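The exercises below are meant to be worked through with the sequence and the structure side by side. Try each task before reading the solution that follows.

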Amino acid sequence: MKKPKIFFFTGAGISAESGLQTFRDSKDGLWNNFKIEEVCTPEAWTNNPSLVLDFYNQRRKQCKEANPNLAHELIAKLEEQYQVVVVTQNVDNLHERAGSTNVVHLHGELMKARSTANAKFIYDREEDIVLGDLCEQQSQLRPHIVWFGEGLDNDILDQSIKEAASCAVCVVVGTSLNVYPANSLPHYVPFASQMIIIDPQAYLMDIDEDRHISYLSEKAVDGMQKVYDSLSKI
């Protein structure tokens, strides 16, 4: 018998509980220390590639020092009973390190680099990227990140839509659903499917007034514990 599919859509809030800074947090978000246009745009790369590389080298180091939290682990553990697909806006690898085996990264991956000349040349990369590091076609390597002003990979977006459209349960964890087109994914979930949103500001979200949604206005770990306890009993 085929296992029911749970579609997890995760954002920065789940990684924040592992100590990784979010960009938009009002107290210690990364945007308080860096301007978007200086480190996270194609123009930034053109104007000052060293600064961009240093920014992401720091993010990569922080990611390696962080550990998956209970929310990541509970999502992975649900694979014992369900077909679990994780589509994440996060660029860290905490889902994979927690044991999730089917993870789709919408906005790229910190632990990878890619060619500036051909986006299809992608390499695993846990060490720093510096000027002079070249791909096999002798073009400079850059972070494998979707910057502001760049479009998502169409194949990845299409795959994510298909996963959302075929799930029995959708759980949104730690995302404000403010970033387009990623925030459109919950709209593809079948109306008959169960939908749960976990976020401290969940009560402010309105995906569809005609859809029944369970809102848990909690941080990722506490909310996922409740979701896990409920789904593991089914």
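**Exercise 1.** Leaving aside its neighbours within four places in sequence, which residues is Leu-70 in contact with?

*Solution.* Before starting, note that residues are numbered from 1 along each chain as its sequence is written. This is a predicted model, in which local features need pLDDT of at least 70 and side-chain atom pairs count only at pLDDT 80 or more, while totals for chains, interfaces and linings use all residues; side-chain values use heavy atoms, with hydrogens and water left out.

Step one is to apply the meaning of contact, which is heavy atoms within 4.5 Å. With the neighbours within four places in sequence set aside, Leu-70 is in contact with Val-221 and Gln-225.

Helices (H or I, at least four residues) and strands (E, at least two) are DSSP runs, numbered from the N terminus.

Step three is to compare sequence and space, for Leu-70 and Met-224 are 154 residues apart in sequence and yet 8.1 Å apart in space, C-alpha to C-alpha.

Step four concerns accessibility, where buried means under 20% relative accessible area, exposed over 50% and partly exposed in between (1.4 Å probe, protein chains only). Leu-70, at 33% relative accessibility, counts as partly exposed, whereas Val-221 is buried with a relative accessible area of 17%.

**Exercise 2.** Describe how helix 5 and helix 8 pack, giving the angle, the distance between the axes and the residues that make the contact.

*Solution.* Two packed helices are described by the angle between their axes and the distance between the axes. Axes are lines fitted to C-alpha atoms, for helices over the stretch in contact, and angles run from 0 to 180 degrees between N-to-C directions.

First, helix 5 (residues 70–77) packs with helix 8 at an angle of about 25°, and the axes are 8 Å apart. That angle makes helix 5 roughly parallel to helix 8, since angles under 35 degrees count as roughly parallel, over 145 as roughly antiparallel, 65 to 115 as roughly perpendicular and the rest as oblique.

Next, the contact is made by Leu-70, Ala-71, Leu-74, Ile-75 and Lys-77 on the side of helix 5, and by Ala-220, Val-221, Met-224, Gln-225 and Tyr-228 on the side of helix 8.

**Exercise 3.** Why is strand 1 largely enclosed by the rest of the structure, and which strands are joined to strand 1 by bridges?

*Solution.* Begin with burial: six of the six residues of strand 1 (residues 5–10) are buried, so this strand is largely enclosed by the rest of the structure.

Then look at the directions of the side chains. In a regular strand the side chains alternate between the two faces of the sheet. Here Lys-5, Phe-7 and Phe-9 point one way from strand 1, while Ile-6, Phe-8 and Thr-10 point the other way.

Finally, find the partners, remembering that two strands pair if DSSP finds at least two bridges between them. Strand 1 runs parallel to strand 2 (residues 83–88), joined by six bridges, and Phe-8 has Val-86 as its bridge partner in strand 2. Strand 1 also runs parallel to strand 7 (residues 169–173), joined by five bridges, and there the bridge partner of Thr-10 is Val-173.

**Exercise 4.** Which peptide bond is cis, and which loop holds Pro-181?

*Solution.* Most residues other than glycine have a negative phi, and most peptide bonds are trans. The bond from Tyr-180 to Pro-181 is cis, with omega near 5°, and Pro-181 lies in the loop between strand 7 and strand 8 (194–198). Leu-177 lies in the loop between strand 7 and strand 8, and its phi is near 60°, a positive value in a residue other than glycine.
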